[in-house]
Amino acid sequence: STTGELLPFKNGIFRIIQKSPVAVLPVTIYGTGEILPKKGFKLFPKRPRIIIHPLIETEQIEKWNLDEFKSAVRHRIQLGLDMAKEL
């Protein structure tokens, strides 16, 4: 987002994942807006912060309903954003 805040997730990808036998690897990427701002084409020499979260196995995904699944992924990514802001 332009503010760096986590926006609401759409349902589509979570529905697709729940119907597929795949695990999910949540990843938080922070700081890309400082490298390439939304307005303009100039790149700035900075490093993004990338946090790779623990894998969410298919067995766990099958136990959750759609809202629980979205909430679990969102929670992990939000924790990563909070951690990245402190660095």
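This is a predicted model: local features need pLDDT of at least 70, side-chain atom pairs count only at pLDDT 80 or more; totals for chains, interfaces and linings use all residues.

Biologist: Which residues of the largest nonpolar core touch the most other members?

Modeller: That core has 16 residues, and Val24, Ile56, Ile61, Phe69 and Val73 touch the most other members. Two or more residues come from each of helix H1 (12–19) and helix H4 (66–86). The largest share, 7 residues, belongs to H4.

Biologist: What does Ile61 touch, leaving aside residues up to four places away in sequence?

Modeller: Its contacts are Ile17, Gln18, Val22, Ala23, Val24, Ile56 and Phe69. Of these, Val24, Ile56 and Phe69 are, with Ile61 itself, among the core residues that touch the most other members.

Biologist: Which residues make the nonpolar surface patch?

Modeller: Leu25, Val27, Ile29, Ile50, Ile52 and Leu55 form a patch of about 560 Å². Strand E1 (27–30) and strand E2 (49–52) each contribute at least two of its residues.

Biologist: Where is Leu55 found, and how does its accessibility class follow from the value?

Modeller: Leu55 lies in the loop between E2 and helix H3 (58–63). Its relative accessibility is 44%, so Leu55 counts as partly exposed; that class spans the range between under 20% and over 50%.

Conventions: Residues are numbered from 1 along each chain as its sequence is written. Side-chain values use heavy atoms; hydrogens and water are left out. A nonpolar core is a set of buried Ala, Val, Leu, Ile, Met, Phe, Trp, Tyr and Cys residues joined through side-chain atoms within 4.5 Å. Buried means under 20% relative accessible area, exposed over 50%, partly exposed in between (1.4 Å probe, protein chains only). Helices (H or I, at least four residues) and strands (E, at least two) are DSSP runs, numbered from the N terminus. Contact means heavy atoms within 4.5 Å. Patches are made of residues with over 30% relative accessible area and no salt bridge: like charges are joined within 9 Å, nonpolar side chains (Val, Leu, Ile, Met, Phe, Trp, Tyr) within 5 Å. Accessible areas come from the Shrake-Rupley method with a 1.4 Å probe; for residues, only the protein chains shown count as cover. A salt bridge is a side-chain nitrogen of Lys or Arg within 4 Å of a carboxyl oxygen of Asp or Glu.
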